[in-house]
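The report below is meant for a reader who is meeting this structure for the first time.

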Amino acid sequence: MRLLPVFDGHNDTLLDLYAPEEGEGRSFLEGSDKGHVDLPRAREGGLVGGIFAIFTPPPEGSPERDLHYGLTITEHGYTLQPRSAVDHDYAREFTDGAFDFVDRLEVGAGGEIAVVRTYRDLERYLREGVLSLVLHLEGAAAIKEDLSDLGRYYDRGLRSLGLVWSRPNVFGSGVPFRFPHSPDTGPGLTEAGKMLVGECNRLGILIDLAHINEKGFWDVARLSDAPLVVSHAGVHAICPSSRNLTDEQLDAIGDSDGLLGVIFAATMTRPDGDREKDIPITGIVDHIHYVAQRIGVDHVALGSDFDGAVMSQELRDVAALPRLIQALRDRGYDDQSLEQIAYRNWFRVLKDTWKE
Ligand SMILES: [Zn+2]
């Protein structure tokens, strides 16, 4: 059977390669069984491209580097202590180093992978079989409050920006990880955050609303002239995590001709939010199906969070993507709908946002 091309809306593979938590890291080009994404496994799974995040971790020695930091188990779920902002200079230094790493990775790949700068690039790389990397900052901590360096990052290839991760910065506030909980956890965008939305629109940088709190989401919905996009999250009506989208948010995404990239992580998809248990592929299909039913198959796509979260056992790495496509087919999706979910919706939204 022909391998369906897949464009994935979010992975943390660059962080895993550039600043591995443990061990000696791994090679993206040669592949291994470590982590979730590398070139050989991407080819095996049909991955043609994705949004590759650059995320600034809490500084070395900070207790917040522990994923379970401040975890309290509650009667029906859990709550994690809110994360603190990271220092701007530290974030900038880390981020610049990550961009340097991507430059070396791209040169070393001898044309097998490439950083995408325009929609034309994306189409061409699809035709030529080059793996497309859309560079993304997960949280704008490295950007100066006066936005004077946004153009520099754009020139280095930045085409997607998450205004916040699940912590505050000078532009806005992300949601703390809580279950069950509303995404309405704090204040909306600052004045600088509102300026940043305008600059992203002007330059043609995708604004990613993953991790932002509900007030920030509505601020962007009001201010931005681009489609509303959440790269990796789930449906709040199925899994009431603070990170997931309410029906009203989904409706706004549909109305803007945007999309939600459905995440593959168990904590964000299981109806009971159990942090210890797995999610079957059909559980992930439930989220995709809900979005398609509510706002249309034009507005749902994939946003795995490979290399950034604990995956469903049945989708343990990028090579397993055809199993998800098959599960969608089993749910009744035809070839055309599968192509939309797998890559065409992402392509449309990137084209509409980048404008070239
Ligand atoms: Zn994330």
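## Charged pairs

With a relative accessible area of 34%, D286 is partly exposed, a class that lies between buried (under 20% relative accessible area) and exposed (over 50%), as computed with a 1.4 Å probe on protein chains only. R331, at 32% relative accessibility, also counts as partly exposed. The side chains of D286 and R331 meet in a salt bridge with an N to O distance of 2.9 Å, a salt bridge being a side-chain nitrogen of Lys or Arg within 4 Å of a carboxyl oxygen of Asp or Glu. This pair links distant parts of the chain, since D286 belongs to helix α10 (residues 281-295) while R331 sits in the loop between α11 (321-330) and α12 (335-354), 45 residues apart. Helices (H or I, at least four residues) and strands (E, at least two) are DSSP runs, numbered from the N terminus.

The model is a predicted one, in which local features need pLDDT of at least 70 and side-chain atom pairs count only at pLDDT 80 or more, whereas totals for chains, interfaces and linings use all residues. Residues are numbered from 1 along each chain as its sequence is written, and side-chain values use heavy atoms, with hydrogens and water left out.

Over the whole structure, a search finds 24 salt bridges. The table sets out three of these pairs with the accessibility of each partner.

| Pair | N to O distance | Relative accessible area of the partners |
|---|---|---|
| D38 and R41 | 2.7 Å | D38 0%, R41 7% |
| D274 and K277 | 3.2 Å | D274 21%, K277 45% |
| D286 and R331 | 2.9 Å | D286 34%, R331 32% |

D38 counts as buried, and R41 is buried as well, whereas D274 is partly exposed and K277 is likewise partly exposed.

## The zinc site

Which residues coordinate the zinc ion? The donors are E138 through OE, H211 through NE2 and H232 through NE2, at 2.1 to 2.2 Å. Donors are N, O and S atoms within 2.8 Å of the metal (3.2 Å for Na, K and Ca), and because water is not among the atoms, sites may look incomplete. Along the sequence these donor residues follow the spacing E-x72-H-x20-H. E138 lies in strand β6 (residues 131-138) and H211 in the loop between β9 (206-208) and α7 (214-223), so the two tie together parts that are 73 residues apart in sequence. E138 counts as buried at 5% relative accessibility, and H211 is buried with a relative accessible area of 5%.

## Cysteines

The search of the whole structure finds zero disulfides, a disulfide being a pair of cysteine sulfur atoms within 2.5 Å. C200 counts as buried at 1% relative accessibility, and C239 counts as buried at 0%.

## Pocket and cavities

Spaces are found on a 1 Å grid over the protein atoms alone: a cavity is a set of points where a 1.4 Å probe fits but cannot get out, a pocket is an open set with protein on both sides within 12 Å along at least five of seven lines, and lining residues have an atom within 4 Å of a point. Grid points are joined across faces, edges and corners, and a volume is the space filled by probe spheres set on the points.

The largest pocket holds about 1500 Å³ of space. It is lined by 49 residues, of which L67, D307, G308, A309 and V310 are the closest to its centre. By class, this lining divides into 18 nonpolar, 11 polar and 20 charged residues, where Ala, Val, Leu, Ile, Met, Phe, Trp, Tyr, Cys and Pro count as nonpolar, Asp, Glu, Lys and Arg as charged, and the others, Gly among them, as polar. At least two lining residues come from each of α1 (13-18), β4 (78-80) and α9 (266-269), and α9 gives the largest share, three residues.

Cavities of 30 Å³ or more number four. About 70 Å³ of space lies in the largest cavity, and the closest to its centre among its 13 lining residues are L209, I212, R243, L245 and Q249. The second largest cavity has about 60 Å³ of space, and its lining includes the zinc donor E138, along with residues such as W165 and R167.
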